[in-house]
Number of protein chains: 2
Amino acid sequence: MMHSTKQRLIDMGLSMLLKQGYNNLGIQALLTATGTPKGSFYHHFADKEDFALEVIDAYIAQVHAGLDACLRDKELPPLARVRLFFEQTQQSYQKDGYMGCLLGGLGQELSGVSEVFRHKIEWCFSAIANALATCLEEARKRGEISTACDVRQMANILVDCWEGAALRSRLRQNPESLNAMLDFYIRSVATG
Amino acid sequence: MMHSTKQRLIDMGLSMLLKQGYNNLGIQALLTATGTPKGSFYHHFADKEDFALEVIDAYIAQVHAGLDACLRDKELPPLARVRLFFEQTQQSYQKDGYMGCLLGGLGQELSGVSEVFRHKIEWCFSAIANALATCLEEARKRGEISTACDVRQMANILVDCWEGAALRSRLRQNPESLNAMLDFYIRSVATG
């Protein structure tokens, strides 16, 4: 089990990075918000970059827990599982006050100046797309989507379009763009 | 005509903001890169925020010049004009070294902490979607897309999905996600 101080820093860091991004986040503000002494932060993390990378790990672990719970639910047809995952993601965005996706936020802010973050975030998106592709392949075999469908490409398109809709939901502070994009995608890939 | 010092600051600012974002940009670095004295910067701009908002204005003016040139080209059918605009945008991303879209970058970095940038960038996306909707309406009337199509919604979906693909092209440093998304969208909306 993770040390409770470390867990508290990561939880608060996730919320602060989601709202204000990386460069705007001060370590002192994080320490104040969590009531943590400075030495304790540097006991758990080498520096701010190391901290943010651990926050991304915690975030992506949550995403994969959601993917596992939704995509392995054999009670539902495969395409309905994909939809369920994104509907739950949308509900989690709503709970956070429509701050969008941490990967999209940090990916935009940092990928032009940091190869570490660029590779890390691309790796996260690829992993999400891989999980979705496995479920789309099941949908393809069951005839829910066209047999000609390139499931890996369609999974990547889904991740990308979702990220754009997540940015728009952040700008508009509502879920309209997420729902519209998801409906469009499912309608477009579903056979008949 | 714009004062040449101001124009130089805006051009360099666009390139720097695209690459490194807002909070990571130092005014001193901008002054050094352009050989501009500090007083001259504050003669033209009230502060960093004012400067970034003017850079966004310059960026969106370029986008609308591209939209006008492509979408009013009556030699092409409407849907081909829409495709042309995004193909040209992709070429401009390539020229910039796949830094993606300034609106997406600043929208992600700043909309959680600044209502000024959140509203400004949402306004920019809405204006782009409006221009695209007009062309999609022409496509609808000509039977290129379904008569049941809600062109305003489909224009917003296009803008959103493009922004997500632009982020991915930034992470991957290649145009694959942009081409895949555009092909998928056009294939999905086109009738037969």
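Reader: What is the mean pLDDT of chain A, and what ipTM does the complex get?

Author: Begin with confidence, since this is a predicted model. Chain A has a mean pLDDT of 97, and 99% of its residues reach 70 or more. For the complex, the predictor gives an ipTM of 0.96 and a pTM of 0.97.

Reader: How many residues does each chain give to the contact?

Author: Chain A gives 37 residues and chain B gives 37 residues. On the side of chain A that touches chain B, the elements giving two or more residues are α1, α6, α7, α8 and α9 of chain A. The largest share, 14 residues, comes from α8(A). By kind, the residues on this side of chain A are 13 nonpolar, 15 polar and 9 charged.

Reader: Through what surface do the copies meet?

Author: Of the interface residues of chain A, 100% are also interface residues in chain B, so the copies meet through the same surface. A:Gly164 gives a local view: this residue lies in helix α8 of chain A. Leaving aside neighbours within four places in sequence, A:Gly164 is in contact with B:Asp160, B:Cys161, B:Trp162, B:Glu163, B:Gly164 and B:Ala165.

Reader: Is A:Gly164 buried or exposed?

Author: Count the C-beta atoms around the residue; 20 or more others within 10 Å make it buried. A:Gly164 has 28 other C-beta atoms within 10 Å, so it is buried. The C-alpha atom of A:Gly164 is separated by 9.2 Å from that of A:Met181, 17 residues apart along the chain.

Reader: How far does helix α8 of chain B reach, and how many of its residues are buried?

Author: To read a helix, compare its reach with the expected span. Helix α8 of chain B, residues 151-172, has 22 residues and reaches 31 Å from its first C-alpha to its last. That is close to the 32 Å expected at 1.5 Å a residue. Of the 22 residues of α8(B), 19 are buried, so this helix is largely enclosed by the rest of the structure.

Reader: And which residues of α1(B) are buried?

Author: Helix α1 of chain B covers residues 4-20 and reaches 24 Å, close to the 24 Å expected for its 17 residues. The buried residues of α1(B) are B:Leu9, B:Ile10, B:Gly13, B:Met16, B:Leu17, B:Leu18 and B:Gln20. What covers them includes α2, α3, α4 and α6 of chain B. After α1(B) comes B:Gly21, with a positive phi near 80°.

Reader: Which residues touch the most other members of the largest nonpolar core?

Author: That core has 117 residues, and A:Leu132, A:Leu136, A:Met181, B:Leu132, B:Leu136 and B:Met181 touch the most other members. Take B:Leu136: not counting residues up to four places away in sequence, it touches B:Val82, B:Ile145, B:Val151, B:Met154 and B:Ala155. B:Val82 is in helix α5 of chain B and counts as buried, with 28 C-beta neighbours inside 10 Å. Leaving aside neighbours within four places in sequence, B:Val82 is in contact with B:Leu132, B:Cys135 and B:Leu136.

Reader: What is phi of A:Gln173, and where is this residue found?

Author: Most residues other than glycine have a negative phi. A:Gln173 is not a glycine, yet its phi is positive, about 55°. A:Gln173 is found in the loop between α8 and α9 of chain A. With 13 C-beta neighbours inside 10 Å, A:Gln173 counts as partly exposed. In chain B, α8(B) is followed by B:Gln173, whose phi is positive, near 60°.

Reader: Is B:Tyr98 buried or exposed?

Author: B:Tyr98 has 20 C-beta neighbours inside 10 Å, so this residue counts as buried. Its phi is positive too, near 50°. B:Tyr98 lies in the loop between α5 and α6 of chain B.

How values were computed: Residues numbered from 1 in each chain as written. Chains lettered and ligands numbered in written order. Predicted model: local features only at pLDDT ≥ 70, side-chain atom pairs only at ≥ 80, totals over all residues. pLDDT = per-residue confidence, 0-100. Contact = placed C-beta atoms within 7 Å. Helix = DSSP H or I, 4+ residues; strand = E, 2+ residues; numbered from the N terminus. Nonpolar A, V, L, I, M, F, W, Y, C, P; charged D, E, K, R; others polar. Expected span 1.5 Å × (residues − 1). Buried ≥ 20, exposed ≤ 12 C-beta atoms within 10 Å, placed from the backbone. Core = buried A, V, L, I, M, F, W, Y, C linked by C-beta atoms within 7 Å.
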